[in-house]
Amino acid sequence: MNQKIDYLESVESGVILPEQEMYDIIREFLEKKNMDGYLDDMVKNHRMFYGDSSRFYAGYMAYNVVSEIPHILIDKDMNSVELMTTIVHEVGHIKDYDELSRFSNFKVMNDYYMKSIYTEVISKQNEKEFLDFLIKSRIASKDVCCMVEEYYLDITSHLEDLLILTNLDDSLLKREKYRHLSNEDILSQVVGKDTIEWIDQDSIIPLELDLFESLSYGYGGVLATYFESLRKNDPDKYRYCYQNFLRQRADWFSVENFVSFVPDCQNLPDTMIQEMDKDIKVKQKIYHQN
């Protein structure tokens, strides 16, 4: 996957679009998915805020499970494509929690929010679908290529963290234990393990290793790519698998549940590579035309 990302490397153009035009673009996309009401509600009720740059998240959605009222915080220091993609991603979270709240109690909602590895699947798929929409609409194509690259980088960077975390001894996997390990301690634990071929020593920061986050953004991103591939290439299978996912995403993780919505889970890496190959061809075409 990292080799494929090298072929996706793109040069940002930094296109700036007027606010109303960005809103219209986002709304056109969301309307096709019957999600435009979420955006309208956020704008009408002033629940979307722009904040200072954060090195952790480009955007953040906070959902009050008692009042069922969402708010979105967006990093203001982004170009138009980054901004629109982040808003679409966060609106995906609103849809996820809104639909879950209709048949779940507060405890299920909180458990899902804090403990499920599936909390990023719907938003990541929303994000990927929106990027494809922008490319087809020929909107800021070079900046979109950069965001496609970032989409995959986000997934692979969290998968790399999992390689480190899951090679720690079981007794160290609890957050309060591994977060107190030094860089040297972690290296001594994982170097030489069969699944670790190479580690960038300078990239290991114990306080930033987070098993939950790596699972939700890493494997969650892989699942999002898998569903987006099915949606485009096998609609019938997509509907079946995705409905199973929606019914079971708030349950405690089990292999049986997982296989019910990813029956060919052994092919997940191949699906990722196939999607990346398609995006590489799209990127090359865009750069060739320009």
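Which residues does Asp 96 touch, not counting residues up to four places away in sequence? There are four names to note: Tyr 112, Thr 119, Ile 122 and Arg 249. Keep in mind that this is a predicted model.

Asp 96 sits in helix α4, which covers residues 80-101. Its relative accessibility is 0%, so Asp 96 counts as buried.

Now the partner helix. α6 runs over residues 121-136, 16 residues in total. From first C-alpha to last, α6 reaches 23 Å, close to the 22 Å expected at 1.5 Å a residue. Of those 16 residues, 15 are buried, so α6 is largely enclosed by the rest of the structure. After α6 comes Arg 138, with a positive phi near 55°.

Next, the packing of the two helices. The axes of α4 and α6 are 8 Å apart, and the angle is about 140°. Angles over 145 degrees would count as roughly antiparallel; α4 and α6 are therefore oblique to each other. Their crossing is right-handed. On the α4 side, the residues that meet α6 include Met 84, Thr 85, Val 88 and Asp 96. On the α6 side, they include Ile 122, Phe 130 and Leu 134.

The largest nonpolar core has 69 residues, and Phe 130, Leu 134, Phe 227 and Phe 245 have the most contacts inside it. Leaving aside neighbours within four places in sequence, Phe 130 is in contact with Ile 25, Ile 26 and Phe 29, and also with Met 84, Thr 85 and Val 88. A second, separate core has eleven residues, among them Leu 165, Leu 168, Tyr 178 and Leu 187.

Methods
Residues numbered from 1 in each chain as written. Predicted model: local features only at pLDDT ≥ 70, side-chain atom pairs only at ≥ 80, totals over all residues. Heavy atoms only, no water. Helix = DSSP H or I, 4+ residues; strand = E, 2+ residues; numbered from the N terminus. Buried < 20%, exposed > 50% of the residue type's maximum accessible area, 1.4 Å probe, protein only. Contact = heavy atoms within 4.5 Å. Expected span 1.5 Å × (residues − 1). Core = buried A, V, L, I, M, F, W, Y, C linked by side-chain atoms within 4.5 Å. Axes fitted to C-alpha atoms, helices over the stretch in contact; angles between N-to-C directions. Parallel < 35°, antiparallel > 145°, perpendicular 65-115°, else oblique. Left-handed = near helix turned anticlockwise from the far one by under 90°.
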